[in-house]
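Trainee: Hi! Could you walk me through this one? I'm new to it, so please start simple.

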Protein chains: 2
Amino acid sequence: MINVLAIDAGGTSTRAVLLNETGHCLGYGSAGGGNPISSGPDRAAASILAAAEGASDAAGLPPTSVTHTLIAMAGMSVSGSRDWVSGPLATRGFPPTVTVASDLLAIFSSGTWQPDGYAMVAGTGAAGIRVRDGQVERTADGLGWLLGDAGSGYWIGHRVAAAVIANLDGRGAETALVPLVLEAAGIENSAERGPDGRPIALRDLVEALYRMRPVELSRFAPLAFEATTDAVARAILDDAISALARLFSAISAPDLAGPLVLGGSVLTAQPRISDGVTQALLEEDFSPEMRKVPDGVVGAAVLALRLAGTDVNAEVFERITTTLAHLR
Amino acid sequence: MINVLAIDAGGTSTRAVLLNETGHCLGYGSAGGGNPISSGPDRAAASILAAAEGASDAAGLPPTSVTHTLIAMAGMSVSGSRDWVSGPLATRGFPPTVTVASDLLAIFSSGTWQPDGYAMVAGTGAAGIRVRDGQVERTADGLGWLLGDAGSGYWIGHRVAAAVIANLDGRGAETALVPLVLEAAGIENSAERGPDGRPIALRDLVEALYRMRPVELSRFAPLAFEATTDAVARAILDDAISALARLFSAISAPDLAGPLVLGGSVLTAQPRISDGVTQALLEEDFSPEMRKVPDGVVGAAVLALRLAGTDVNAEVFERITTTLAHLR
């Protein structure tokens, strides 16, 4: 009797599903951030354990019934020791062996059971992979807010903030993003000027933004989509589309057609971006079939089943997605 | 008998000069970083004291002979208590009252004794001021590496690093900056690829750069000037010129002709930038007389003399610069 536990451990939330070997989802659970880099290993392990226990409780099966555990998480966490998470799981009766897989491969496998294609994710960060024979053959970007993640939510939000600051400082074009950013940052949009000749609102905004962690600038990204008629916002989004098209060109190979699985809020919740990327790829004579997925939990289940020896074909994949849809 | 102590306290070095009321420089001293934000108040006070004692020793005059002390330092340090520096100075016999002035005003006053004009500085950061009747009337930028400092050494160096990373990652144009940045970062320029399909050198470079403080990326700025025929480097420098031209447009006023005093290594040591800015201003029908200054110590002396009641005219200004030149 084989039961697999598949966990999609993200920076802000963690999802777990318990399945039998036919791909029938028996229980689902979720919890907070499960990435050991961003949440710290103790909190990440607690989230993963909470999601796992939620899934086994919902399935009405004890942790000891699980035969294989797979956790999908971001790149840097894939290597190295897993004691921080395998220990706490074993303490509660889950099997002591944990397999870790790439979160990008889980996103890819959430969109298709086929062994070849591409995945691109643009949420707070941005990265892409080429998959061949079920393995990651090429990765691009995912290199962090300061030096990479081109086209990501951080990347857009940082440009939005800098454009507003330049406008208020008299160095940049007029933009309708000014009132939107000031409101989002909780700063009064007053015309009053300080002794340096600049708006008081500029000083208050700069102080507020430097108090945030840089990656938190991603929360201004949605404002670029709100300001639909603003030339500055449009230019930022056009640049993001170009950056994501270049991301695809870095992972694409002429002998590998697709599909292209899209994940992350920028690529899945903003048609302006996904349509723009489709158009940009068409101009380069690429037209991969595109599929949007909300997270990597289906893909984690696919990878966990393969680990347990199940041949995940169209029928099994269909069973995973439909039975999971009933659970969450 | 009036003797003034003028101190130019910068982030990496501090300069002090002791003058009599006619503008005759009697002694000069220098020390390490004197900015309380970047060096911490204790180390900054120690640097300022060391430079001040160097100047009084060289002049052969005791600290008690000083009647007025003025310290020029970066914006945020101008307001607030001065106890951190006035205390240590008084302990060694310097007068207990310290006047603090804007480092940008000291740069301006290093280039001219006249009361009206502009100053722009582009070193690690970038900022500009409009000066009228000897007072700062308008400031622009100086808003830090993450959200401002457009056209600065950080701004250029960050773009150089990001362009090299994008090239190595297959997302950006080929650039001759790659070998230059890898060498500067001490990373072997090997063609070997890792399991993710990317050059090992990319991984090593990204790790090395994230170990640095972000502002340290400014050390890659000079490489953009070395790669004279590289299109990527040229585009970065053209953008820097545009940013600095916008900085000037933010401070310029139609009724105020100039001069424009330039400070900081990007604007004073790179003719490509200063010539480009001159050209960009000409296209906007601005042609202020430009003067480059190496630091703000002459201007600190001008401001200190004015504080002591001296009318700093062309003759006094000339005396400051020629007598100081003999001392350092």
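Trainee: How much of chain A is made up of buried residues?

Mentor: Of the 328 residues in chain A, 55% are buried. Keep in mind as we go that this is a predicted model.

Trainee: Got it. And how many helices and strands does chain A have?

Mentor: Chain A has 13 helices and ten strands. Its C-alpha trace spans about 75 × 45 × 35 Å along the principal axes.

Trainee: What does the radius of gyration of chain A agree with?

Mentor: It agrees with a compact globule: for 328 residues such a globule would come out near 20 Å, and chain A has 22 Å. As for its contacts with a separation of 6 or more, 67% are between residues 24 or more positions apart.

Trainee: Can we zoom in on one residue? Is A:Ser110 buried or exposed?

Mentor: A:Ser110 counts as buried, because its relative accessibility is 9% and the cut-off is under 20%. It sits in helix α4 of chain A, residues 103–111.

Trainee: Which backbone oxygen lies 2.9 Å from a polar atom of its side chain?

Mentor: That is the backbone oxygen of A:Ala106. Leaving out residues up to four places away in sequence, A:Ser110 also touches several others, including A:Val293, A:Asp295 and A:Phe317.

Trainee: New topic: the two chains. How many residues of each are in contact?

Mentor: 35 residues of chain B contact 35 residues of chain A. The size of an interface is often given as the accessible area lost when the parts come together. Here the buried area is about 2,800 Å², with carbon and sulfur atoms giving 58% of it.

Trainee: And how many salt bridges are there between chain B and chain A?

Mentor: Four salt bridges. A:Asp169 forms a salt bridge with B:Arg138, where the closest N and O atoms are 4.0 Å apart.

Trainee: Which elements of chain B give two or more residues to the side touching chain A?

Mentor: They are β8 (135–141), α5 (153–168), α7 (200–211) and α9 (231–251) of chain B. The largest share, six residues, comes from β8(B). By class, that side of chain B has 20 nonpolar, seven polar and eight charged residues.

Trainee: Where is B:His158, and what does it touch?

Mentor: B:His158 is in helix α5 of chain B. Setting aside residues up to four places away in sequence, it touches A:Leu146, A:Leu147 and B:Leu217. With 17% relative accessibility, B:His158 counts as buried.

Trainee: What about phi for A:Asp133?

Mentor: A:Asp133 has a positive phi of about 55°, although it is not a glycine. You'll find A:Asp133 in the loop between β7 (126–132) and β8 (135–141) of chain A, and it is exposed at 59% relative accessible area. B:Asp285 has a positive phi as well, near 65°. B:Asp285 is in the loop between α11 (271–283) and β10 (290–292) of chain B, and at 73% relative accessibility it counts as exposed.

Notes
Residues are numbered from 1 along each chain as its sequence is written. Chains are lettered from A and ligands numbered from 1 in the order in which they are written. This is a predicted model: local features need pLDDT of at least 70, side-chain atom pairs count only at pLDDT 80 or more; totals for chains, interfaces and linings use all residues. Side-chain values use heavy atoms; hydrogens and water are left out. Contact means heavy atoms within 4.5 Å. Buried area is the accessible area (1.4 Å probe) that two parts lose on being put together, summed over both. A salt bridge is a side-chain nitrogen of Lys or Arg within 4 Å of a carboxyl oxygen of Asp or Glu. Helices (H or I, at least four residues) and strands (E, at least two) are DSSP runs, numbered from the N terminus. Ala, Val, Leu, Ile, Met, Phe, Trp, Tyr, Cys and Pro count as nonpolar, Asp, Glu, Lys and Arg as charged, and the others, Gly among them, as polar. Buried means under 20% relative accessible area, exposed over 50%, partly exposed in between (1.4 Å probe, protein chains only). A polar contact is a pair of N or O atoms within 3.5 Å; within protein, one must be able to donate a hydrogen and the other to accept it, and residues adjacent in sequence count only if both atoms are side-chain atoms. The radius of gyration is taken over C-alpha atoms; the globule rule is 2.2 Å times the number of residues to the power 0.38.
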